[in-house]
Amino acid sequence: MLPTYRRDDGTTHPPLLSPGYRSTVLRAPREQFVLLPHSLTEVTGPLLGEGRVRPEDADLTLAPGGEAQGQRIVVHGQVRDAGGRPIPHTLVEVWQSNAAGRYQHRWDQHHAPLDPHFTGVGRCLTDDAGRYRFVTVKPGAYPWGNHPNAWRPAHIHFSLLGRAFTQRLVTQMYFPDDPLFAYDPIFNSVRDERARRRLIARFDLDATVESWALGFRFDIVLAGEDGTPTEEPHDD
Ligand SMILES: [Fe+2]
């Protein structure tokens with residue numbers, strides 16, 4: 001039987017055109033969408049990453065020759081479907097800036113240091129209960145040129161494939177109480193306040209590691225009324 005989803009009320013996800021978020025003006029589609037009905041091929045698929053994801057891929061702080069600089073953190077959570085069911089053995093990928101707010105990417109020429117021991121990329125598979133866990137450093141805020149004096153709140157990009165390619169979710173996780181929330185057109189392109197709150201990890205004392213790392217929890221729901229807001233993949 002094909003899965004059924006509890007639909008969100010239309011306010012969870014940001015509109016494709018959010019004029020305050022300048023690059024959406026260029027990339028938002030101008031034509032009506034064409035609906036293609038899903039068949040079994042689209043809603044089922046191979047589990048990706050099995051046999052290719054190594055345990056060390058979930059630790060972004062370790063690189064040949066040294067450790068990443070910055071505030072070490074544990075980021076963990078559970079991936080669930082629209083019905084609240086955990087999604088086991090699914091690929092979770094993350095990318096982020098380093099602690100100084102710079103990406104290791106040729107387009108990022110922001111005047112901040114690169115960290116030779118931090119690529120900013122990680123991946124893991126969820127366990128039997130749909131849980132994932134990364135060790136990383138807290139990313140820095142960075143300027144992004146959307147408007148004068150524009151700074152992105154600290155964030156980690158997530159990509160999940162769910163049970164099939166058509167369920168792919170790309171989103172961003174934020175940190176509690178960031179003073180930049182009010183000024184960020186990407187965060188605020190999610191219009192519903194409750195939905196925006198679902199993008200903010202919570203500090204999790206139980207996930208901290210004494211004398212070593214702080215802990216944050218970020219649960220991800222792939223669809224439905226409790227869904228994590230999703231976005232079109234991009235670089236910001
Ligand atoms: Fe980013």
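Tutor: Start with pLDDT, which is the predictor's confidence in each residue, from 0 to 100. You need it here because this is a predicted model. The protein chain averages a pLDDT of 89, and 90% of the residues score at least 70.

Student: What is the pLDDT over residues 1–6?

Tutor: Over residues 1–6 it is below 50, and beyond near neighbours in sequence this stretch has nine contacts in the model. Where pLDDT is low, the predicted coordinates should not be read in detail.

Student: How many helices and strands does the protein chain have?

Tutor: There are four helices and 13 strands. The radius of gyration is 18 Å, and the globule rule gives 18 Å for 236 residues, so the chain is as compact as a globular protein of that length.

Student: Why is histidine 89 called partly exposed?

Tutor: Count its neighbours. A residue is buried with 20 or more other C-beta atoms within 10 Å, and exposed with 12 or fewer. Histidine 89 has 13 inside that distance, so it falls in between and counts as partly exposed. You'll find histidine 89 in the loop between strand 3 and strand 4. Its phi is positive, about 55°, although it is not a glycine.

Student: And what makes asparagine 149 exposed?

Tutor: The cut-off for exposed is 12 or fewer. Asparagine 149 has 8 other C-beta atoms within 10 Å, so it is exposed. Asparagine 149 sits in the loop between strand 7 (142–143) and strand 8 (151–152), and has a positive phi of about 60° although it is not a glycine.

Student: How much of the protein chain is buried?

Tutor: Buried residues make up 33% of the 236 residues.

Student: What makes a set of residues a nonpolar core?

Tutor: They must be buried, come from a list of nonpolar types such as Leu and Phe, and be joined through C-beta atoms within 7 Å. The largest such core here has 39 residues, and Phe134 and Leu160 touch the most other members. Among the elements giving two or more residues to this core are strand 3 (72–80), strand 9 (155–160) and helix 3 (185–188). Strand 6 gives the largest share, four residues.

Student: Which residues does leucine 160 touch?

Tutor: Leaving out residues up to four places away in sequence, its partners include Val79, Val92, Leu169 and Ile220.

Conventions: Residues numbered from 1 in each chain as written. Predicted model: local features only at pLDDT ≥ 70, side-chain atom pairs only at ≥ 80, totals over all residues. Rg over C-alpha atoms; globule rule 2.2 N^0.38 Å. Contact = placed C-beta atoms within 7 Å.
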